[in-house]
Protein chains: 2
Amino acid sequence: MTTSPQRAAGTAALEEIREKARRLRIESMMATTAAGSGHPTSCLSAAELVAATFFHAMKFDPTDPNSIEGDRFVLSKGHAAPVLYAALAEAGVFPVSRLLTLRQFSSELEGHPTPRVPGVDAATGSLGQGLSVGAGLALGARVRKSNARVYVLLGDGEMAEGNVWEAAAFAAHWKLDNLTALVDVNGLGQSERTMYRHDTEVYRRKFEAQGWQAETVDGHDLAAIMEVLDRAKGASGMPQAIVARTEKGFPISFLRDKDGWHGKALSKEQLEMAIAELGAAADIPADPGRSYERKTLPKPADFPPPAAPAYQMGQMVATREAYGTALKKLAAVNAGIVALDGDVKNSTFAEVLGEADPSRLFQGYIAEQNIVSVAVGMAAQGLVPFVATFACFLTRAYDQVRMAAISRSSINLCGSHCGVSIGEDGPSQMGLEDLAMFRAIPGATVLYPSDAVATERLTESAARREGICYIRTARPKLPVIYGNEEKFPVPGFKLLRQSPQDRVAVIGAGVTVYEALKAYDELKAKGVLARVIDLYCLKPIDTAALGDQVRATGGRAVTVEDHYPEGGLGEAVMAALAAAGVPLTSVRQIAVRGVPHSGKPDELLDAFGISARHIVSTIEKM
Amino acid sequence: MTTSPQRAAGTAALEEIREKARRLRIESMMATTAAGSGHPTSCLSAAELVAATFFHAMKFDPTDPNSIEGDRFVLSKGHAAPVLYAALAEAGVFPVSRLLTLRQFSSELEGHPTPRVPGVDAATGSLGQGLSVGAGLALGARVRKSNARVYVLLGDGEMAEGNVWEAAAFAAHWKLDNLTALVDVNGLGQSERTMYRHDTEVYRRKFEAQGWQAETVDGHDLAAIMEVLDRAKGASGMPQAIVARTEKGFPISFLRDKDGWHGKALSKEQLEMAIAELGAAADIPADPGRSYERKTLPKPADFPPPAAPAYQMGQMVATREAYGTALKKLAAVNAGIVALDGDVKNSTFAEVLGEADPSRLFQGYIAEQNIVSVAVGMAAQGLVPFVATFACFLTRAYDQVRMAAISRSSINLCGSHCGVSIGEDGPSQMGLEDLAMFRAIPGATVLYPSDAVATERLTESAARREGICYIRTARPKLPVIYGNEEKFPVPGFKLLRQSPQDRVAVIGAGVTVYEALKAYDELKAKGVLARVIDLYCLKPIDTAALGDQVRATGGRAVTVEDHYPEGGLGEAVMAALAAAGVPLTSVRQIAVRGVPHSGKPDELLDAFGISARHIVSTIEKM
């Protein structure tokens with residue numbers, strides 16, 4: 001077992017690595033049989049690829065397996081988790097005995113890899129995302145001036161995912177020659193043979209068409225794999241693909257290349273037969289039960305405050321524009337800040353950072369899935385990524401955001417052009433489900449600034465917070481309503497209008513705050529007093545403080561949002577009030593109902609029911 | 001102007017088509033200038049491609065532009081909507097005068113195409129989805145035994161979207177030789193030059209690597225385009241790609257190949273200059289204001305009831321398994337039912353249909369984005385598609401589902417393996433945000449059956465309903481609790497336990513209904529009476545009827561769901577009760593909080609707080 005703190009690459013001999021591959025096979029089968037579930041045959045096809053990568057190619061410190069100096073390994077085919085865990089154990093990250101706790105409630109060795117396990121940088125198991133994470137790790141290493149390499153093991157089934165090809169194009173464009181993809185072409189998917197079966201040439205051609213250095217290899221010929229891994233290290237200016245022909249279940253006679261064995265653990269009898277075919281069994285002691293769970297993920301160092309907002313009250317500024325200004329100011333005080341664009345930097349205003357420092361803004365073109373997972377990889381190298389595109393186009397990357405949360409990644413996403421207030425471009429360009437989408441991400445922070453000052457302050461909060469942070473910005477220019485010194489704690493909200501006689505609380509955010517203020521004036525003229533709340537932070541919510549506000553209005557509240565009714569601000573408020581134990585006399589939810597269409601912003605706010613007029617009439621009917 | 005009801009392909013002469021291209025340019029610029037916004041330069045690059053396709057290649061009836069016999073055109077680069085509208089007008093679908101209403105609130109000619117416009121089969125504008133829709137139209141034509149062809153116009157910017165390459169692989173696999181893709185390589189994205197600029201060879205190589213017949217062409221050489229379109233028709237067994245080198249803004253001197261002109265309308269003065277360069281202006285009369293809005297989309301004919309459920313009370317059946325049975329029974333009575341799989345048919349049980357009739361189940365491999373948009377295309381050919389994968393993997397296709405709703409498409413999606421009840425596979429495989437995601441789709445129906453009988457009945461409802469229908473199924477086997485004759489109206493719920501003394505309503509669905517029933521027994525033993533509600537339909541909700549139930553318990557309710565707290569069952573119930581005007585004394589929401597991990601199903605239900613024990617203790621504390 002390799003125990004030197006920083007093992008040099010290429011030191012293990014062929015026979016030693018062959019024995020590692022044999023042990024990876026046995027341990028993968030033993031672990032899944034002990035668990036009673038899992039994917040042993042998907043581990044068997046990859047044993048030589050993993051052994052050669054870990055014990056021949058990689059430079060890797062088992063006591064610090066996620067260090068900036070060390071090479072990284074991403075198991076994109078996450079269902080082969082047991083072979084990764086076995087490799088980490090054989091490399092000395094944790095004892096081999098731990099492998100037999102696979103999939104148990106008390107174990108960090110879950111059914112699919114997560115960063116709870118030392119040596120894992122991102123959760124995988126939703127297929128086709130690992131190459132993007134790997135590209136982010138490779139780009140992050142370059143940004144941090146590390147000469148570390150990144151290896152990504154993909155399955156052939158997942159090559160059908162478009163995300164893989166977004167990553168491939170990105171890696172070639174950015175000339176990530178420190179990135180090597182290994183494709184385990186075992187020809188068998190979950191439910192039938194894959195689209196291309198064992199035709200490794202198709203994959204090679206696809207990688208070459210993307211501008212990669214690509215070669216095919218016999219994935220069970222260890223010496224050949226080692227040679228091709230050596231050649232990959234010599235590549236200059238191009239990422240490298242190693243397309244390996246393998247057999248699922250190899251070399252076990254009753255498993256190899258057999259359909260119907262996906263995701264099935266062997267019985268004890270089958271396990272014994274399989275081990276007998278491989279030679280002597282591994283002698284694995286009972287696990288002492290100590291956890292090896294990784295407690296913290298790379299976090300950016302604390303940084304000094306950025307330059308304060310510098311607006312005049314009433315100045316007309318779009319929050320999307322203030323986001324660009326905020327990014328530029330943050331980058332000036334935090335060297336870890338980087339931004340990713342999906343060819344909309346002139347709309348999201350990420351270009352403000354790019355103009356100030358082109359080296360901090362990375363163009364990902366129109367491929368939202370990839371830029372989100374690239375951000376996960378960059379964050380795992382200790383950077384603080386901000387990804388911005390239209391709010392509606394982040395729906396394209398919902399699975400990648402979901403996996404980023406399971407990855408415990410700290411990435412920031414900005415969605416511009418929210419709601420019907422964008423106007424003429426029509427519903428395909430309107431973010432109307434983004435709040436629902438991001439609120440349902442565990443541990444996420446959901447920010448929705450109403451003016452430029454709030455945007456700058458909240459973008460700073462995002463850069464400081466852990467987990468997934470979402471910032472919702474809007475297209476129209478709106479007046480600045482907060483002083484430059486105003487603070488925006490998270491969680492928190494702003495009470496913009498109030499009196500002891502308030503009969504109802506009107507709760508909005510973004511453009512609807514301005515509608516609520518107009519409604520306030522109209523209602524006041526009619527003798528009806530309302531309090532107006534700017535709920536700039538939708539998750540978390542200070543439930544007790546918000547509850548107090550609505551208690552003060554006798555449990556009467558109106559929520560108003562430029563979003564569909566489901567999962568957005570209104571439901572967030574109701575859930576918060578319920579949690580706060582506030583008895584609700586009457587709550588009315590104003591939101592966009594039905595698919596909107598093109599028109600002028602004001603026309604649409606009114607036609608789709610979220611303008612001041614609708615707030616007034618709703619309150620009058622309560 | 002072509003006015004014959006069914007125009008034969010290839011009848012217009014070169015000069016006639018050249019004049020069409022000139023008119024498309026002028027009309028695109030006039031319309032965007034009249035609107036004051038839009039993407040004229042993206043229209044100009046495509047004028048010859050669109051003119052040659054519409055007026056040379058396509059067989060098309062302007063009085064019935066979405067007929068099963070006619071060829072179809074999908075504008076994947078949806079921001080070039082004006083050139084599509086101009087082509088439809090020049091073909092006689094509506095008068096040219098209508099073009100000048102572009103982007104107005106009262107016009108069906110929105111900023112990006114939607115099926116409100118006759119001749120449009122799917123909304124576009126979220127890039128990279130059109131080729132999947134086109135593949136669905138082409139496959140749908142084949143299923144319906146039509147020899148119609150499908151043309152898809154893509155921009156080069158959107159070729160970065162992985163979805164395009166999922167579609168390309170799918171189309172080649174299914175040998176869709178009735179599908180032609182035209183790529184408008186103008187080399188300019190929104191914010192800068194594209195990744196490959198004018199390198200048309202890269203795109204050709206990528207298509208060839210996917211198994212397409214591909215050639216490059218000068219996209220402003222009309223005769224050459226017509227020839228290559230003719231050759232495409234002769235292809236056998238392969239889809240065809242026409243990669244055209246164009247210039248954005250061509251041929252206007254101050255626009256062509258200029259950065260900084262994306263999404264900008266010309267001023268009136270610029271418009272005059274541009275038209276002068278093109279020769280005489282088009283004489284467009286004032287629009288009389290008549291709407292040409294398409295009112296209905298293709299709907300399947302009504303069909304006889306499928307075979308009734310045939311279970312025994314208490315029989316252990318997973319809802320995912322009943323879904324497969326339901327599909328098979330529905331297919332037997334409705335020839336339009338088709339299913340799409342993402343290589344998980346043995347997990348979702350879509351394989352039950354495939355085993356009964358292999359011609360009805362289409363393998364899309366692991367490419368969720370593509371199968372959703374293929375379904376939209378198949379629905380536009382009058383079929384009734386069911387797409388099934390793990391619930392969590394539908395997050396991969398959220399943007400495609402969003403666009404399907406804007407497309408007014410009637411497609412059905414089944415998400416299996418919801419929640420922590422899946423057990424050992426861990427969080428990457430658990431659907432815990434799917435209810436939030438689908439509830440926020442406008443007009444969607446969200447169904448969550450608790451047993452096998454409910455699953456069969458609700459799957460039938462999905463097949464009969466318009467719009468997006470989502471069916472959430474679960475992994476574990478659970479006892480049948482409904483009789484085979486039970487009906488499940490939509491909207492609706494089932495009252496499983498009740499008495500006049502009920503102190504609280506417990507509202508769950510799926511696995512939590514069983515936990516609620518256990519909790520009921522425990523509470524009853526302690527003298528506390530609760531009513532138990534199975535909310536099998538989360539959207540729409542019969543708010544009045546549900547409100548009555550909670551009024552009867554004095555405004556006290558507990559919701560419990562195998563889902564994150566945000567946007568799921570709990571918030572749906574609160575919003576419904578608020579809408580029903582029920583004063584809420586006390587509502588408690590039980591849901592999965594934080595990222596779960598691997599473990600046994602029962603262990604996880606308890607550890608993540610949604611088991612009977614938690615329901616009991618929550619109610620005891622109320």
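**The interface and its helices**

In this predicted model, 100 residues of chain B are in contact with 100 residues of chain A. Between them, chain B and chain A bury about 7900 Å², and 52% of this area lies on carbon and sulfur atoms. Within chain B, the residues that lose the most area to chain A are Phe105(B), Met195(B) and Arg396(B), which together account for 10% of what that side buries.

Arg396(B) also takes part in a salt bridge: its side chain meets that of Asp399(A), with an N to O distance of 2.8 Å. The count of salt bridges between chain B and chain A is twelve. Polar contacts between the two chains number 51 residue pairs, counted where both residues have pLDDT 80 or more. On the side of chain B that touches chain A, helix H14 (residues 398–406) of chain B gives the most, with seven residues. By class, that side of chain B comprises 39 nonpolar, 35 polar and 26 charged residues.

The packing of helices may be considered next. Two packed helices are described by the angle between their axes and the distance between the axes. One pair brings the two chains together: the axes of helix H19 (residues 569–579) of chain A and helix H19 (residues 569–579) of chain B come within 9 Å and cross at roughly 95°. An angle of 65 to 115 degrees counts as roughly perpendicular, and H19(A) is therefore roughly perpendicular to H19(B). From H19(A), the contact is made by Glu571(A), Ala572(A), Met574(A), Ala575(A) and Ala578(A), and from H19(B) by Glu571(B), Ala572(B), Met574(B), Ala575(B) and Ala578(B). These residues divide into eight nonpolar, no polar and two charged.

A further pair lies within chain B. The axes of helix H1 (residues 14–35) of chain B and helix H9 (residues 268–278) of chain B come within 10 Å and cross at roughly 175°. Angles over 145 degrees count as roughly antiparallel, so this description applies to H1(B) and H9(B). H1(B) contributes Arg22(B), Arg25(B), Ile26(B), Met29(B), Met30(B) and Thr33(B) to the contact, while H9(B) contributes Lys268(B), Leu271(B), Ala274(B), Ile275(B) and Leu278(B). Here the residues of the contact comprise seven nonpolar, one polar and three charged.

Terms used
Residues numbered from 1 in each chain as written. Chains lettered and ligands numbered in written order. Predicted model: local features only at pLDDT ≥ 70, side-chain atom pairs only at ≥ 80, totals over all residues. Heavy atoms only, no water. Contact = heavy atoms within 4.5 Å. Buried area = accessible area lost by both parts, 1.4 Å probe. Salt bridge = Lys/Arg side-chain N within 4 Å of Asp/Glu carboxyl O. Polar contact = N/O pair within 3.5 Å; in protein donor to acceptor, adjacent residues only side chain to side chain. Helix = DSSP H or I, 4+ residues; strand = E, 2+ residues; numbered from the N terminus. Nonpolar A, V, L, I, M, F, W, Y, C, P; charged D, E, K, R; others polar. Axes fitted to C-alpha atoms, helices over the stretch in contact; angles between N-to-C directions. Parallel < 35°, antiparallel > 145°, perpendicular 65-115°, else oblique.
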